[in-house]
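Hi,

Here is the structure I promised to pass on. Please open it first, then read my notes below.

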Amino acid sequence: MLYRKMPRVGEEFSVLGFGCMRLPVRNGQVDEAAASRMMRTAIDKGINYVDTAWPYHGGQGEAIVGRLLEGGLRDKVTLATKLPSWLVRTRGDMDTFLEKQLVSLQTDHIDVYLLHSLTADRWENLMRLDALGFMEKARAAGKIRYIAFSFHDGLDCFKKIVDAYPWDLCQIQYNLLDENYQAGREGLRYASGKGIGVVVMEPLKGGNITIPMPGELGAAAKKAGYSRSTLADIALRWVWNHPEVGLLLSGMSSEEQMDQNIESAARGRPNSLTPEELAFVKAARDLYEGKMRVPCTACAYCKPCPKSVDIPQCFSNLNNAAISGNWEAQKANYLYILADDRDGNRASACVECGLCETRCPQHIPIREKLKEVAAAFETSAA
Ligand SMILES: NC(=O)c1ccc[n+]([C@@H]2O[C@H](COP(=O)([O-])OP(=O)(O)OC[C@H]3O[C@@H](n4cnc5c(N)ncnc54)[C@H](OP(=O)(O)O)[C@@H]3O)[C@@H](O)[C@H]2O)c1
């Protein structure tokens, strides 16, 4: 495992962090036996940074991570979790969330505590409620060690937040498709230039970069010698290629993905991609960018939907169809997965309440896009 030193923090973190938003799932539940094996492998192979949050896995994520770190593993990792900024209404709420998180995670302190998923509105609300005062008090009490934020808004807002406080770390979405999206490359350089350690999330755009490669892209990949898994490899190494990146969090949903990403991490040095690899990244980006219909990363922050519409599944089928060109196969998959007797509903069940749009970190016009999904897959002409 390679390590990089976080400037202000002064500690070395593994270049690959374990993002616990996408633990392996079986029959709708986290497969804790598999997740536990993964956590042990991760730590044995040198991963020392674990990231979770209040809403992951339907609100059970922190308690699950607490169990995965039992038996002395907790002390071997830097544990990060986040204040669910969109749920904070009063100053007291912040104390309540933190206390509950300490209990769920079975720990007396959280190493990295982030203001979660900041946007301009949430930042304004948190400043009004003195969230930084709360964080500093929690640090003085030994309940948290590092003060940080994660971010999902535009570059100007990012710079404003960076400038507002001497943050230890920040967490941004960054991958080869999002080089100029949200904080983007300029934000990465800006934060790093101010001595803030940068943690990258969604390095594979939530798995969008590794979906089966269609026509032109498939042919380009094959010619260059890439398969689905090697595309993950090059996309992760593209992130590590940036010297300003401290570590990246990978949401690994199987033991195979973890093994593979650990191997990739061994080659995750700054400025290490060859000109041929950089040319392939550019070709892949050009093809994907023109084809994706919805920039959904399946983070599921939009859930729960009052009508149980499985929004990430709807958008996954739409994107897969648009990228692969195989509309019939995606329609069949959509109708099978979102069948009447399953948990998730189809796009046509949307009543346009808009709750999902207030939560989506990608700011997707979900109601409008669901209509596109319904038109594509639920009409007989589709
Ligand atoms: N603070 C925030 O606002 C925020 C938001 C989002 C995420 N996060 C954190 O950042 C972490 C990383 O984000 P992410 O989970 O979106 O990461 P990601 O790496 O962009 O996407 C993870 C998905 O990529 C696919 N994948 C991973 N390794 C692969 C491999 N070797 N081969 C093929 N496919 C592979 C898997 O998709 P399949 O399951 O389809 O195979 C996996 O579920 C999260 O887990 C979470 O801890 C934070």
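What follows is a short account of what I found in it.

One caution first: this is a predicted model.

**Ligand shell**

Start with the ligand. There are 32 residues around it, and G19, M21, S150, G207 and G251 come nearest. Which elements give two or more residues to this shell? They are strand 8 (110–118), helix 9 (228–240), strand 12 (247–250) and helix 10 (255–265). By class, the shell around the ligand holds 17 polar residues, 10 nonpolar and 5 charged.

**Helix 1 and helix 2**

Next, a helix pair. In general, two packed helices are described by the angle between their axes and the distance between the axes. Here, helix 1 (residues 32–44) packs on helix 2 (residues 61–68) with the axes 10 Å apart. The angle between helix 1 and helix 2 is about 55°. Angles of 65 to 115 degrees would count as roughly perpendicular, and those under 35 degrees as roughly parallel. Helix 1 and helix 2 are therefore oblique to each other. The crossing of helix 1 past helix 2 is right-handed.

Which residues make the contact? Helix 1 brings E32, A35, S36 and M39, and helix 2 brings I64, R67 and L68. Sorted by class, this contact of helix 1 with helix 2 has 4 nonpolar residues, 2 charged and 1 polar.

**Backbone points to look at**

- Q182: phi is near 55°, a positive value in a residue other than glycine. Q182 sits in the loop between strand 10 (169–173) and helix 7 (184–193). Is Q182 buried or exposed? The cut-off for buried is 20 or more other C-beta atoms within 10 Å. Q182 has 21 C-beta neighbours inside 10 Å, so Q182 counts as buried.
- H363: here too phi is positive, near 55°, and the residue is not glycine. H363 belongs to the loop between helix 14 (355–359) and helix 15 (366–377). With 13 other C-beta atoms within 10 Å, H363 is partly exposed.
- P304: a cis peptide bond joins K303 to P304, with omega at about 0°. P304 is placed in the loop between helix 11 (275–291) and helix 12 (311–324).

Over to you.

Best wishes

Definitions and conventions
Residues numbered from 1 in each chain as written. Predicted model: local features only at pLDDT ≥ 70, side-chain atom pairs only at ≥ 80, totals over all residues. Helix = DSSP H or I, 4+ residues; strand = E, 2+ residues; numbered from the N terminus. Buried ≥ 20, exposed ≤ 12 C-beta atoms within 10 Å, placed from the backbone. Near = placed C-beta within 6 Å. Nonpolar A, V, L, I, M, F, W, Y, C, P; charged D, E, K, R; others polar. Axes fitted to C-alpha atoms, helices over the stretch in contact; angles between N-to-C directions. Parallel < 35°, antiparallel > 145°, perpendicular 65-115°, else oblique. Left-handed = near helix turned anticlockwise from the far one by under 90°. Contact = placed C-beta atoms within 7 Å.
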